[in-house]
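Take a look at the protein below. Follow its chain from one end to the other before reading on.

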Amino acid sequence: RSRRRSAPQGKKNKGKGSGAGVAGPSQGLPEALAAGEAAAAKPAKLDREGLIRLLETLHEERIRYGITAETSVEGLAEALGEAEEASAEEAEGA
């Protein structure tokens with residue numbers, strides 16, 4: 001794999017933000033992007049047992065707390081209404 005260099009060898013980058021500890025374009029941004037894209041292209045290995053335990057836990061909690069599709073919709077509507085009221089009060093105060 002070839003690596004890009006932002007400045008020819010032997011020359012120092014005298015631009016703003018080139019001090020130690022400052023992340024900038026001269027410190028491997030293209031390589032970091034390429035590595036991130038490569039990682040995103042590979043599917044993550046699934047932890048099937050962990051996912052099943054999580055699903056079981058969520059299912060048990062929905063039963064314990066009486067959460068149904070209807071109560072979820074009601075809760076969402078209530079939260080949206082409160083958010084709308086808060087933004088309206090904020091607009092009045094401005």
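Which residues make a nonpolar surface patch of about 390 Å²? The patch is made by L46, L51, L54 and L58. Keep these four in view, for we return to one of them below.

Start with the overall plan. This is a predicted model. The protein has three helices and zero strands. Read from the N terminus on, the elements run α-α-α.

How far can the model be trusted? The mean pLDDT of the protein is 78, and 68% of its residues reach 70 or more. Where pLDDT is low, the predicted coordinates should not be read in detail. Among the elements, helix α1, residues 29–41, has the lowest mean pLDDT, at 73. Helix α2 has the highest, at 95.

Now look at helix α2 itself. It covers residues 48–64. Its 17 residues reach 24 Å from the first C-alpha to the last, close to the 24 Å expected at 1.5 Å a residue. After α2 comes G66, whose phi is positive, near 70°.

L51 is found in helix α2. An α-helix has 3.6 residues a turn, so residues three or four places apart point the same way.

Move on to helix α3, residues 69–93. It has 25 residues and reaches 36 Å from its first C-alpha to its last, close to the 36 Å expected at 1.5 Å a residue. Helix α3 is hardly covered: the count of buried residues in it is zero.

Finally, step back to the whole chain. Of the 94 residues of the protein, 1% count as buried. The protein exposes about 8,900 Å², and carbon and sulfur atoms supply 56% of that area.

How values were computed: Residues numbered from 1 in each chain as written. Predicted model: local features only at pLDDT ≥ 70, side-chain atom pairs only at ≥ 80, totals over all residues. Heavy atoms only, no water. Patch = residues over 30% accessible without salt bridge, like charges linked within 9 Å, V, L, I, M, F, W, Y side chains within 5 Å. Areas by Shrake-Rupley, 256 points an atom, 1.4 Å probe, with all protein chains shown as cover. Salt bridge = Lys/Arg side-chain N within 4 Å of Asp/Glu carboxyl O. Helix = DSSP H or I, 4+ residues; strand = E, 2+ residues; numbered from the N terminus. Buried < 20%, exposed > 50% of the residue type's maximum accessible area, 1.4 Å probe, protein only. Expected span 1.5 Å × (residues − 1). pLDDT = per-residue confidence, 0-100.
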